[in-house]
Amino acid sequence: METSELLESGKFLLEKWVESENTPEENRLDIWVSTTNFKSAVQSLVENHWGYLVTITGMDIPPVTDPDDNTQPGQLEAMYHFANEAAIITIRVKVPYSCPQIETICDLIPSATIYEREAMELFGFDLLNTPNTEKLVLPDSWPEGVYPLRKSFTNLQDLESTTKEQTND
Amino acid sequence: MSSVSENFYTQVVGKLKNWARINSPWAIHFNSGSCNGCDIEILATLTPRYDVERLGIKLQGSPRHADVLIATGPVTLQALDRLIRVYEQMPDPKFVIAVGSCALSGGVFDGCYNVIGDLNKVIPVDVYVPGCPPRPEAIIYGVVQLLESLKKGQKREKIVVPMEVPDLILEEESNGNE
Amino acid sequence: MTKPKVEKFIVPIGPQHPALKEPGNFEFTVDGEIVTDAAVRLGFVHRGIEKACETRNYIQDMYMLERVCGICSHVHATAFVLGVEKLAGVQAPPRAEAIRVLASELERIHSHLLWFGVAAHEAGFDTLFMYTWRDREVVMDILETLSGSRVHYSVNVMGGVKVDLDDKTSDQIKKGMDFLEERTEYYMKVVTTDETFLGRTRGIGTLSRERVDLLGAVGPTARASGAQRDIRVNAPYSGYKDFPVKIVTDETGDLEARFVVRLKELYESYRLIKEILEKIQPGEITTRMKRKIPAGEVISRVEAPRGELFYYIKSNGTEIPERVKIRTPSLCNWGTITDVAVGHKLADMPMLLVGIDPCFSCNDRMVEVRSGSQTSQIMNWDGLRKYGIEYYR
């Protein structure tokens, strides 16, 4: 099938839940869904065998204060990339810092567990009911509640204290 | 036993040990966060083109049997503990060869959040082999330099392998041994 | 080696591992000889490259990303450069694209030969290990002549490549390819006919087509099970549009199939390289590229020797990227190990692990055999390998 046809068929599967959409490249389709509809959207793709889950990309959108002093609270965005030949559909979910909860998709796609663990560790997503919450990439000595890929994390201060603790042992 | 003969005994055994060590150093390889580049070059030194076993150098799996620790990569937080453990398990006297830019200075990964930096911050290093990654010849030259400094006497000094490794060093070395 | 006495063990394999972000620590729970559960712990070589990308400019990032992995360094740089070029709206000249493909294929040959040697070593066939690594030096010499370095070639620059082919290099490459083609025939014979080798590979670690889809396996691991998954064919990028490749698949999905698929891919690489040398057009090798990249986001997928490599790059209009996400092929394939391992013998584990080619280059990692009670037994990777070889003797 042609890439455009694949994208059309994927779009048709997800139509019910789309909040907004975008086509950044000719072989891609980005779809924003709400957290409540997210799981049904993924289920629809999986049940119709539309491609496979490539990975989950996390993104940090730090709080912004505009000139009128309106503060936009910080958000986390999770992108679930599904690829089918050259076509890529990205299901995107935005959650606030205060409640970064997204349903797990491990019951639909078992291989997602590794990406979910990564997202939890590096961004601090709270993936509800995910089967494995053990550390995957960060060291055992890493402090709780520090998420290195958030924009607010600056390298040195956090690190120096942990390094000192370790070398003193 | 009198102290004189005891002294004599330890001297002879020490000399014998040193002779054996120089003739056949056993090395262990540890990767504390390297990109793999140095590791495959170390592995390449074992294979027919370079074949370090003809010089008596053997890559050994267990740290308890090793004289030389060949370490690659910047030290990551997770590997730090294991690196120190491997170093401490090695019997004395032990020598450390830092292979590659990352082990020397942190390389491109200097400043990454999970990287402590160079190897010297964690364990004492005897020989530095620069390069990203160093050629197998340079790694062998580093080992040979270490052995030569041992031959001259037990004085521990830092050795830095120059970027220009002299040609034909392998032939000279192998001829000398035979 | 003494046989474990207690019924149930957890066998952790290898905290130290050379690969990029995926140095694995596997914990196999064994019941006697049979593996009943498997778990994975990564992060011993986690350096925080994705974060570091956000603090350096695009050119610095390119050289750092090349050092994600020392075995497939070129594909990382290619994926990144292709993505950034797409964001900037720059198209590299055709000659540059062809040289990129040439370097990718040379790298695939070196990577597959390296893997083949290590796999043979794990099977206890050290002669084959020495043979392949001797032949691999031919490719290393070619790469060194082409780029000046044996491992991190740095062929790419933003908007093109920085090395050019001349007649002398072409001749050397052609000669090298002829030599390797002949050697590969011999390897193919060993892999498909040698009784002892087949004993370690045939019918071991079979992965069905359905499981491949479910587990998201990529690369030769997936293709050995019949999945038509090759980015060079599905979504041709860079010079693969001008120089198409044939997809190599197999149906059985066991270890033998993975060996055969990788060796057949070598033939395909030899053919492609010769074709490029014949048809490459003279011309420019770089175009102008701006330092500031327009805002936007891009997904770049390329086929690494181990499978699909995925880059997501977001730019905010400055010299420094906002976010770079890397998904390496080995990460996907780890999932297949934990799945396939269950029900196999502990002695098969080294072969299963190398079967997915998880950037396996060091063979002296520690293994600690722990039991539920106080008894503990330390055994290194070498010991486990010997145990595996001994078991099949």
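I counted elements in chain B: six helices and eight strands. Helices (H or I, at least four residues) and strands (E, at least two) are DSSP runs, numbered from the N terminus. Along the sequence I read α-β-α-β-β-β-α-β-α-β-β-α-β-α for chain B.

This is a predicted model, where local features need pLDDT of at least 70, side-chain atom pairs count only at pLDDT 80 or more, and totals for chains, interfaces and linings use all residues. Residues are numbered from 1 along each chain as its sequence is written, while chains are lettered from A and ligands numbered from 1 in the order in which they are written.

I checked burial next (buried means 20 or more other C-beta atoms within 10 Å of the residue's own, with C-beta atoms placed from the backbone). Of the 178 residues in chain B, 50% are buried.

Then contacts (C-beta atoms, placed from the backbone, within 7 Å). In chain B, 80% of contacts with a separation of 6 or more link residues 24 or more positions apart.

I moved to chain A. Its open sheet of five strands runs β1-β2-β7-β6-β3, with mixed pairing; two strands pair if DSSP finds at least two bridges between them. β1 (20-22) and β3 (52-61) of chain A are the edges, each with a single partner strand, so one side of each has no neighbour in the sheet. The twist averages 20° from one strand to the next.

Three bridges join β1(A) to β2 (residues 28-32) of chain A, antiparallel. There, A:Glu21 has A:Ile31 in β2(A) as its bridge partner.

Key:
A residue is buried if 20 or more other C-beta atoms lie within 10 Å of its own, exposed if 12 or fewer, and partly exposed in between; C-beta atoms are placed from the backbone. Two residues are in contact if their C-beta atoms, placed from the backbone, lie within 7 Å. Axes are lines fitted to C-alpha atoms, for helices over the stretch in contact, and angles run from 0 to 180 degrees between N-to-C directions.
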